[in-house]
Amino acid sequence: MSGLIFLIPIALVMGAMGLVGFLWAVRSEQFDDPDGAAARILISPDEPLPERKSE
Amino acid sequence: MTDLSLDANGCPSGLAPPGGSDASDPGAFVRKVGKQSRLSLTVRGAKCGGCLSRIEGVVAALPGVESARLNLSNGKLDIAWSGNLEPRRISEAVSGLGYGVAPLDTATEDDGHKKEEQSLLLAMGVAGFATANIMLLSVSVWGGHGEMGEATRQGLHALSGVIALPTLIYSGRPFFKSAWNVLKKRRTNMDVPISLALILAFSVSVTETLRGGEHAYFDAACMLLFFLLIGRFLDARVRRRAWSAARDLAALASRTVTRIGADGSPRSVRAEEIRPGDRILLAPGERAVVDMVIEGGESEVDESLVTGESLPRWTGAGMKLMAGSINLSQPLTGQATAAAADSLLAEISQMLTAGEQKRSTYRQIADKAVSLYVPLVHSTALLTFLGWWLVGGMGLREAILIAVSTLIITCPCALALAAPVVQVVAAGRLFKGGAYLKSGDALERIAACDHVIFDKTGTLTLGTPRLISADVPASLLAEAAQLARASRHPLSRALTVAAGPGPLAKDVKERPGLGLEGEVNGAPCRLGSAEWTGAKAAGHVGATLFFARGNEAPVELRFEDDIQSGAAGMLAQLSAMGMTMEIVSGDRTEAVAEVARTLGIDQWTAAASPQAKVARLEALQAAGRKVLMVGDGLNDAGALALAHASAAPGGALDVSQSAADAVYSGGLAPLPGLVKTARLAKAVMLQNFGFAAAYNLVAVPIAVLGHATPLVAAIAMSGSSIIVCLNALRINLNTEKTG
């Protein structure tokens with residue numbers, strides 16, 4: 001039973017870290033444009049290939 | 001003049017139709033921050049990643065632009081630039097790609113709604129965290145039942161309380177605030193029993209913990225908060241979407257006007273700044289924002305959105321021009337006769353207000369359910385307490401504990417989720433099908449409709465004419481098209497579409513009201529009315545053009561306003577659902593009769609004024625019919641606002657779109673789906689309320705008899721909420737059958 005004394009605080013701290021991450025994500029407007037974020041990841045402008053270095 | 005905007009193709013995915021080509025000058029909306037100029041535009045029709053990269057790419061390529069970012073979820077495009085880039089070029093670049101674009105007034109931004117939604121999301125996150133962690137502790141208490149030492153149990157309860165207290169204060173605020181506000185006014189709402197249950201559950205649990213009791217309801221209180229906040233958040237999101245759709249429409253109406261200053265120089269100003277008597281320049285392709293009297297120039301104007309008439313009208317000095325008309329061929333100058341706010345026909349705006357007031361008396365199913373629920377639950381809890389205490393001979397503490405557990409278990413998780421989840425799922429499904437809802441209760445009202453009234457021009461028909469003369473040789477058509485490419489007249493456009501791409505004739509001149517002349521393959525040619533080409537007018541009911549090459553006899557070209565593809569199938573589907581149909585149009589009798597005959601609609605009215613449309617609606621509604629009005633014009637706006645429910649196509653005038661409950665795009669195809677989904681959604685909503693009632697019928701006796709331990713409460717609450725959500729998701733499942 002004495003294990004609980006440090007196991008419960010560890011569990012709570014880990015949960016709290018997730019909560020803080022969520023609060024940060026909401027506050028910094030990460031959820032403002034879900035459609036745009038989904039589309040943006042697929043946009044890759046055509047660029048010339050980097051020149052291959054010959055050894 | 002050669003801008004045909006036929007190559008402007010809008011969203012490459014085909015999810016949205018190409019938008020308007022009438023970009024107005026956003027110069028009056030530019031904000032200066034240091035050396036940087038900033039501008040926000042609202043972009044209509046951008047739906048996919050392709051749109052995103054095209055729009056951002058084309059704007060970022062303009063000289064001096066430092067950043068261009070489009071929010072795909074709400075269509076807001078933020079641009080920052082330095083140097084003297086003309087803002088007009090930005091909006092032209094975007095509208096040139098085929099997207100509707102309008103300046104966004106940052107003063108009217110939806111800060112309030114956004115803050116509310118964000119704070120609900122934060123509250124939900126905190127409640128979710130607390131629920132999960134307290135549940136972790138509670139499960140060990142329940143699991144260790146009988147074996148766990150009392151000190152350990154008390155310690156775990158205390159720890160739960162320490163987590164629950166800040167959660168209750170932080171996440172419970174929306175409920176406490178709203179409950180307090182209505183109590184001050186001596187009324188009651190859903191938040192009163194919620195707040196009461198939360199506070200009672202918490203204080204009972206605290207006293208139980210202090211005296212080392214067996215049951216504490218900290219987990220139930222937090223779980224209750226979490227589920228209720230999910231419902232609240234979804235509800236806020238639906239309302240904000242509806243609100244921002246209305247805001248976008250308002251933004252599209254807040255166009256700019258080119259005012260001619262005292263020194264004769266034109267300057268772009270906001271429409272609100274126009275006062276009666278101001279002199280205005282109306283460029284070709286531009287839409288009049290205020291009523292005006294023409295002073296100089298002559299041109300043809302498209303008044304289809306104002307009167308429903310499908311063919312353009314010649315206009316010149318001294319004639320009146322209504323707001324909503326589009327100038328087609330030559331620049332016009334005129335004097336404003338009214339400010340923008342008074343410019344829409346006064347009667348129409350009055351009808352809008354009257355209709356909306358009538359509609360706001362509609363009570364949603366959810367409100368009715370709540371008004372039944374609140375007194376029932378409170379009296380049950382009170383009776384339970386009194387019964388156990390006075391009759392059952394129980395101690396005060398135990399009686400309170402049982403009464404509180406009754407309040408907790410009946411607390412309306414399922415009830416709070418029943419409607420919002422259905423609305424979100426149905427709105428998402430409709431959005432994929434090409435229709436979006438402007439309000440949450442629109443679904444319930446659309447579902448109740450049993451009669452549809454259609455406007456003709458632009459709703460049942462495409463609103464643009466199509467060449468029907470099949471016997472015209474292709475070479476002649478190509479020659480006529482060389483002239484037609486120089487004009488914005490709808491018949492010229494139709495001719496160009498029929499002929500396909502090709503060159504433009506030399507020295508084309510346009511005479512408003514008559515036609516075009518120019519040199520084609522070395523010969524002087526004329527295209528236009530019978531009078532202009534010297535032909536005899538023939539007996540065709542629809543629109544005609546004549547093409548004369550040199551001195552040869554003029555050739556007649558006939559046009560017809562095409563019926564939307566799939567209209568007949570759509571009507572059949574609607575009548576299969578038990579809807580009756582009718583056409584009420586402002587257009588000429590022959591044109592309406594022809595469309596009604598083709599589509600097999602027996603009941604029709606032609607040449608109907610806006611007042612006549614409203615009168616027809618009132619007569620039907622007085623006879624007990626629930627009418628779904630489908631229309632696009634300014635002349636329909638009054639009827640749209642008054643009808644039990646209404647829908648407008650995406651190409652409709654802004655006023656009509658804001659008066660309608662739903663806006664659909666991509667032809668008439670989404671309409672049957674709209675009605676079907678609305679009916680399905682209403683059925684699912686009723687099922688959900690039925691389920692919530694059934695749940696209470698089972699749960700209340702258990703609680704009243706004192707068997708609702710925290711474990712039972714936790715299982716019952718989460719189980720009922722999950723079942724309600726799963727039931728709502730069913731709307732998405734049978735896509736094949738209804739889509």
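# A tour of chain B

Start by colouring chain B by domain: domain 1 is 1–109, domain 2 is 113–242 + 367–422 + 680–738, domain 3 is 258–346, domain 4 is 433–462 + 564–679, and domain 5 is 463–563. Keep in mind while looking that this is a predicted model.

**Domains 3 and 5**

Select domain 3 and domain 5 of chain B together. Their contact takes 14 residues from domain 3 and 10 residues from domain 5. On the domain 3 side, strand S10 (residues 299–302) of chain B provides the largest share, 3 residues. What kinds of residue make up the side of domain 3 that touches domain 5? They divide into 5 nonpolar, 6 polar and 3 charged.

**The whole chain**

Now show chain B as a cartoon. It contains 26 helices and 27 strands. Chain B has 739 residues, and 49% of them count as buried. Among contacts in chain B with a separation of 6 or more, 68% join residues 24 or more positions apart.

Next, colour chain B by pLDDT. The mean is 79, and 87% of the residues reach 70 or more. Where in chain B is confidence lowest, and where is it highest? The lowest is in helix H26 (residues 735–738) of chain B, with a mean of 47, and the highest is in H4(B), at 92. Select residues 1–8 of chain B as well: the pLDDT there is below 50, and the stretch has 12 contacts in the model beyond near neighbours in sequence. For the model, the scores are ipTM 0.79 and pTM 0.72.

**The nonpolar cores**

Select Ala201(B), Ala221(B), Leu224(B), Val422(B) and Ile446(B). These are the residues with the most contacts inside the largest nonpolar core, which has 137 residues. Helix H7 (residues 218–253) of chain B gives the largest share of this core, 15 residues. Why does the core lie between domain 2 and domain 4 of chain B? It does so because both domains give residues to it.

Zoom in on Ile446(B). Leaving aside neighbours within four places in sequence, Ile446(B) is in contact with Leu628(B), Ala645(B), Asp661(B), Ala662(B), Leu674(B), Val675(B) and Ala678(B). Then move to a second, separate core of 25 residues, where Leu39(B), Ala46(B), Ile55(B) and Trp81(B) are included.

**Helix H19**

Select residues 567–576 of chain B, which form helix H19. Within this helix, Ala567(B), Met570(B) and Leu571(B) are buried. They lie on the same side of H19(B), because they cover an arc of only 100 degrees around the axis. An α-helix has 3.6 residues a turn, so residues three or four places apart point the same way.

Turn the view to the other side of H19(B), where Gly569(B) and Ala576(B) are exposed. What do the buried residues of H19(B) pack against? Show helix H15 (456–460), strand S22 (555–563), strand S23 (580–584), helix H20 (589–599) and helix H24 (670–704) of chain B, which are their packing partners. After H19(B) comes Gly578(B), with a positive phi near 85 degrees.

**Where chain B meets chain A**

Finally, show both chains. Here 19 residues of chain B are in contact with 18 residues of chain A. On the chain B side, helix H1 (49–60), strand S3 (65–71), helix H3 (111–143) and helix H4 (150–171) each supply at least two residues. H3(B) gives the most to this side, with 9 residues. Coloured by type, the residues of chain B that touch chain A divide into 11 nonpolar, 8 polar and no charged.

Definitions and conventions: Residues are numbered from 1 along each chain as its sequence is written. Chains are lettered from A and ligands numbered from 1 in the order in which they are written. This is a predicted model: local features need pLDDT of at least 70, side-chain atom pairs count only at pLDDT 80 or more; totals for chains, interfaces and linings use all residues. A residue is buried if 20 or more other C-beta atoms lie within 10 Å of its own, exposed if 12 or fewer, and partly exposed in between; C-beta atoms are placed from the backbone. Helices (H or I, at least four residues) and strands (E, at least two) are DSSP runs, numbered from the N terminus. The arc is that of the directions from the helix axis to the C-beta atoms. Two residues are in contact if their C-beta atoms, placed from the backbone, lie within 7 Å. Ala, Val, Leu, Ile, Met, Phe, Trp, Tyr, Cys and Pro count as nonpolar, Asp, Glu, Lys and Arg as charged, and the others, Gly among them, as polar. A nonpolar core is a set of buried Ala, Val, Leu, Ile, Met, Phe, Trp, Tyr and Cys residues joined through C-beta atoms within 7 Å. Domain bounds come from an automatic or database domain assignment. pLDDT is the predictor's confidence in each residue, from 0 to 100.
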